[in-house]
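This briefing covers the contacts in the structure below. It takes the interfaces one by one and then turns to the DNA.

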2 protein chains.
Amino acid sequence: MPSASETAAGGRRHRVREEALAEILRTGRRLLVDEGPSAVTLRAIAREMGMTAPGLYRYYASHRDLIQALTSHLYDELAAALAEARERRPAEEPGRQLREVCRELRRWALAHPREFGLLFAKPVTDADTAPGSAAHDPSWRFGTVLLDLMVQLWHHGSIEPPNDLDPSWIVQLEEVREHLAGEPVPLEILYVFVSCWARLYGAVAVEVFGHLDFALTDPEPLFEHTLHDILTALGASDR
Amino acid sequence: MPSASETAAGGRRHRVREEALAEILRTGRRLLVDEGPSAVTLRAIAREMGMTAPGLYRYYASHRDLIQALTSHLYDELAAALAEARERRPAEEPGRQLREVCRELRRWALAHPREFGLLFAKPVTDADTAPGSAAHDPSWRFGTVLLDLMVQLWHHGSIEPPNDLDPSWIVQLEEVREHLAGEPVPLEILYVFVSCWARLYGAVAVEVFGHLDFALTDPEPLFEHTLHDILTALGASDR
DNA sequence: CCCTGAAAGTTAACGGTGTTAGCAAATCTC
DNA sequence: GAGATTTGCTAACACCGTTAACTTTCAGGG
């Protein structure tokens, strides 16, 4: 029988372990923010926590795993921030909700550029995110906030589907469809979703990665223009 | 007086040095492509070249400098590829030229994702590219290929300037204007250029960085759609 | 022709990194 | 309290960037 000091979350031992796991990630993130990705080192994290590097192997099997866990955590944090932004507008107006969510994505990215870089500049920058890896699910938890909202928008608004849908896409789009709860979404509509996501990602990335610095100090108006285009494509014009 | 074995490029000694500099970069790039950015290491490069790591310091002052030189070289290669693509269409049709150049940018990025990542996912991923650093000029040599073509397009075509140009942009845009040869370009037109660059970068980056993999196997039609939008905004519709 | 001096490359070493093996202590379970 | 499990340690290995000091190579001037 479990000891009396247990909580609902299953065992005191288990609880302090969870706290240690969290502190490792917290420390790693602080290093990431303060000194850049190359400073997120097992020894540095251990040093900051007052322990030695090999001790961390009781919590993460490798440096790679630790970074992956941090990535997952950040995806969740971003998804939570987006969900919170969504709630700032009534559910009856998914257009306004989506606008708020897109703005929050940009806001979060600008406020946390290092974290954004870890999440969204990765697959090519270093180790490959395997299809079934631990970073896959969290990335979906993030993306679903956007996709679900687009589905709502599809119900409320009037998306005009493209007339020329490349047949090679159908296979992959059907896999995406399975990830969406509720009634099935037409593939043409999914195409619009994907193209809007591409546009949104591009608008945020080009700014956060510094590829507008050569010309603009404040790209916000440009982003707002892009956002307007996106919402129009989704049948949710300015009001 | 110089020895008889000299070539036009100034001294045999100097020539073998240039070749060594080039081989270092070549080797570093091969490591980048074959094993990822974290494998581009002084010791690995030296090992592949049959020498020892400290020897490389006769050529580059630090690992950072070497990476920066590699970055510059890749910017130049990309710029050359774009220029070559431009020449595939007659100068009288800057619209077709620009389309070819944009396609070549995507082609190059997909064929060299690691290199693209080094060039275009950097400022946030690690060390900061200082404003006056050596990577600044090469990045301009690349960007100018696009900007010059847009200027040509402005002369030939009909770009409709936006009616609401944020006043805070004027200062920075004027700095961009100085980098362009020939007659001065109106700031409103420059705004269109910048917004098209943002769109182009986003379209390529979202694909190369793998953020369409969840949905699409072949994003080319999506890119072509984006490209059509870009050319339309520049007053160079499909034909 | 040899002599000089710069350039190129070497080895040895320092502190940093991820990672493994083996051990000691603390803590939970019975 | 005894046994088992978890947690953290130290020592060590291979790799990294970087520096210092040394040797070798070799172009060029007297």
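Domain 1 and domain 2 of chain A bury about 540 Å² between them in this predicted model. Carbon and sulfur atoms account for 55% of that area. The domain assignment places domain 1 at 1–61 and domain 2 at 71–233. The chain B and chain A interface buries about 3800 Å².

**Between the domains of chain A**

- Domain 1 of chain A puts 8 residues into the contact, and domain 2 of chain A puts in 7.
- On the domain 1 side, R29(A), L32(A) and V33(A) lose the most area to domain 2 of chain A. Together they make up 78% of what that side buries.
- The rule finds 2 salt bridges across this interface of domain 1 and domain 2 of chain A.
- R29(A) pairs with E115(A) in a salt bridge, with the closest N and O atoms 3.0 Å apart.
- Between domain 1 and domain 2 of chain A, 3 residue pairs are in polar contact, both residues being at pLDDT 80 or more.
- The side of domain 1 of chain A that touches domain 2 of chain A holds 4 nonpolar, 1 polar and 3 charged residues.

**Between chain B and chain A**

- Chain B contributes 42 residues to the contact and chain A contributes 43 residues.
- Of the roughly stated total, about 3800 Å², 68% lies on carbon and sulfur atoms.
- How many salt bridges does the rule find across the interface of chain B and chain A? The count is 0.
- The rule does find 4 residue pairs in polar contact across the interface of chain B and chain A, both residues being at pLDDT 80 or more.
- On the side of chain B that touches chain A, the elements giving two or more residues are α5 (113–120), α6 (122–125), α8 (170–179), α9 (187–208) and α10 (220–233) of chain B.
- α9(B) gives the most to that side of chain B, with 10 residues.
- By class, the side of chain B that touches chain A has 26 nonpolar, 10 polar and 6 charged residues.

**Around DNA strand D**

- DNA strand D has 22 residues around it. R58(A), Y59(A), T41(B), R43(B) and R47(B) come nearest.
- Sugar or phosphate supplies 58% of the atoms of DNA strand D within 4 Å of the protein. The rest belong to bases.
- Which part of DNA strand D does the side chain of R58(A) approach? A base oxygen is 2.2 Å from an N or O atom in the side chain of R58(A).
- The side chain of R47(B) has an N or O atom 2.4 Å from a phosphate oxygen of DNA strand D.
- For T52(A), the distance from a side-chain N or O atom to a phosphate oxygen of DNA strand D is 2.7 Å.
- Elements giving two or more residues to the surface near DNA strand D are α1 (12–35) of chain A, and α1 (12–35) and α2 (42–49) of chain B.
- α2(B) provides the largest share of the surface near DNA strand D, 3 residues.
- The surface near DNA strand D comprises 8 nonpolar, 6 polar and 8 charged residues.

**Around DNA strand C**

- DNA strand C is surrounded by 22 residues. The closest are T41(A), R43(A), H63(A), R58(B) and Y59(B).
- Of the atoms of DNA strand C within 4 Å of the protein, sugar or phosphate holds 58%, and bases hold the rest.
- Y59(B) has a polar side-chain atom 2.5 Å from a phosphate oxygen of DNA strand C.
- For T52(B), the distance from a polar side-chain atom to a phosphate oxygen of DNA strand C is 2.7 Å.
- For Y57(A), the distance from a polar side-chain atom to a phosphate oxygen of DNA strand C is 2.8 Å.
- The elements giving two or more residues to the surface near DNA strand C are α1, α2 (42–49) and α3 (53–56) of chain A, and α1 of chain B.
- α2(A) gives the most to the surface near DNA strand C, with 3 residues.
- The surface near DNA strand C has 7 nonpolar, 6 polar and 9 charged residues.

**Salt bridges in the whole structure**

- Over all chains, the search finds 31 salt bridges.
- R141(A) and D76(A) join in a salt bridge at 2.7 Å, N to O.
- R141(A) lies in helix α8 (residues 136–156) and D76(A) in helix α4 (residues 63–86) of chain A, so the pair ties together parts 65 residues apart in sequence.

Methods
Residues numbered from 1 in each chain as written. Chains lettered and ligands numbered in written order. Predicted model: local features only at pLDDT ≥ 70, side-chain atom pairs only at ≥ 80, totals over all residues. Heavy atoms only, no water. Near = heavy atom within 4 Å. Polar contact = N/O pair within 3.5 Å; in protein donor to acceptor, adjacent residues only side chain to side chain. Helix = DSSP H or I, 4+ residues; strand = E, 2+ residues; numbered from the N terminus. Nonpolar A, V, L, I, M, F, W, Y, C, P; charged D, E, K, R; others polar. Contact = heavy atoms within 4.5 Å. Buried area = accessible area lost by both parts, 1.4 Å probe. Salt bridge = Lys/Arg side-chain N within 4 Å of Asp/Glu carboxyl O. Domains from an automatic or database assignment.
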